[in-house]
Amino acid sequence: MSRIPRAILCRALSALILLAAAGIPFTPARADYPERQVTMIVCFPAGGGTDIAARLINTQLGEALGKPVIIENRGGAGGNIGIAAAARAGGDGHTLLVCSSAYVVNPSLYAQATYDPLKDFVPVMVIGASPNAFVLPPQSDVKSLPEFIAKAKANPGKLNWTSPGAGTTPHLAGEVLKLRTGISMQHIPFAGAGPATTAVLAGQVDLYTANIGSLMGLIDAGKVKPIAVTSEKRWGDLPNVPTLDELGVKDAVSDTFQGIYAPAGTPQAVIDRLVKELKIILARDDVKEKFVKAGLPVVAEGPDVFRTRIAHEVPMYKEIIDKAGLRIQ
């Protein structure tokens with residue numbers, strides 16, 4: 001076996017020393033990525049919105065990468081168990097995290113959320129997002145959000161509202177409504193959209209906040225009355241329902257997004273490959289149609305826009321959680 005000349009070895013070592021001194025990490029080229037199957041850790045149980053979003057793309061992504069992309073559901077603790085598992089997996093690109101807006105909410109909401117949302121993962125892509133909506137039970141005598149606000153102010157602490165769960169973005173949208181309007185109402189938490197919807201239809205609560213995708217079937221059937229959406233603009237399928245901003249509730253825009261992350265240290269070449277393939281997949285008409293049917297229109301925000309979203313939403317939700325006193329131990 002021929003020996004590498006000493007001069008070449010010295011030059012290579014010097015280059016690595018210069019990179020280290022400049023704070024530039026050395027990562028080997030990953031032209032062979034992936035070398036084996038890729039695991040998508042979904043931080044919620046099977047059947048939920050995050051799981052559905054992941055399963056709408058994992059097969060196509062596997063075909064594009066040339067290796068299987070499998071789903072591993074690691075639910076529990078509001079998503080924190082799956083997030084922690086993905087963070088520990090190491091940054092070689094063979095383990096990815098799929099998580100909802102819980103990613104930006106949990107560090108402020110849960111004492112047990114020990115990850116840093118700005119440092120422990122590399123944002124790859126927001127694959128879909130949809131706003132939340134405020135709806136009334138069919139028996140309600142209220143006809144609009146301003147009317148509901150007026151009723152709440154006239155009856156402080158006597159009205160209630162529900163959401164799919166404590167700490168979810170729909171719950172926090174209700175907390176924002178309280179903070180921005182000064183009304184007082186009691187949150188009645190349920191463990192999921194199913195029980196919450198049952199309570200709404202039975203007239204057991206005065207207001208319901210949920211992701212718009214989960215509400216459209218009820219709205220179309222006339223079982224609930226939509227009175228506001230949390231998006232910047234009116235929702236296409238609900239052209240007659242105003243935004244909070246239109247109703248004078250400022251700085252209250254929010255949505256629920258589903259995103260893909262890679263553990264910190266994942267080589268840029270791997271991130272670039274994933275972004276390239278995901279953009280192609282999410283641009284397909286059949287994939288877009290499936291996402292819309294799931295109540296989650298395709299967004300396809302790449303790493304730069306995604307990183308900006310995270311940097312904005314982490315402190316935004318921290319302010320809401322701190323003011324509402326929602327810390328969970």
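**Figure 1. An aromatic cluster in the predicted model.** One aromatic cluster is formed by Tyr 103, Tyr 115, Phe 121, Phe 257, Tyr 261 and Phe 306. The structure shown is a predicted model. With ring centres within 6.5 Å taken as the condition for a pair, the number of aromatic pairs is 6. Two of the pairs are described in the views that follow.

**Figure 2. Close-up of the pair Tyr 103 and Phe 121.** A distance of 5.9 Å separates the ring centres of Tyr 103 and Phe 121, and their planes meet at 75°, so this pair is edge-to-face; the cut-off for that class is an angle over 60 degrees. Tyr 103 belongs to helix α5 (residues 102-109), whereas Phe 121 belongs to strand β4 (residues 121-136), so the pair ties together parts that are 18 residues apart in sequence. Tyr 103 counts as buried, its relative accessibility being 0%. Phe 121 also counts as buried, at a relative accessibility of 4%.

**Figure 3. Close-up of the pair Tyr 261 and Phe 306.** The ring centres of Tyr 261 and Phe 306 lie 5.0 Å apart, with the planes at 50°, so the pair is classed as tilted. Tyr 261 is located in strand β9 (residues 255-263) and Phe 306 in helix α12 (residues 303-324); these residues are 45 apart, and their pairing links distant parts of the chain. The relative accessible area of Tyr 261 is 0%, so this residue is buried. Phe 306, with 0% relative accessibility, likewise counts as buried.

**Figure 4. Close-up of Gly 49 and Ala 294.** Gly 49 is found in helix α2, which spans residues 49-55. Its relative accessible area is 45%, and Gly 49 is therefore partly exposed. Although Gly 49 and Ala 294 are 245 residues apart along the chain, their C-alpha atoms are separated by 7.9 Å.

Figure 5. The average pLDDT of the chain is 88, and 91% of the residues reach at least 70.

Technical notes
Residues numbered from 1 in each chain as written. Predicted model: local features only at pLDDT ≥ 70, side-chain atom pairs only at ≥ 80, totals over all residues. Heavy atoms only, no water. Phe/Tyr/Trp six-rings, centres within 6.5 Å; stacked < 30°, edge-to-face > 60°. Helix = DSSP H or I, 4+ residues; strand = E, 2+ residues; numbered from the N terminus. Buried < 20%, exposed > 50% of the residue type's maximum accessible area, 1.4 Å probe, protein only. pLDDT = per-residue confidence, 0-100.
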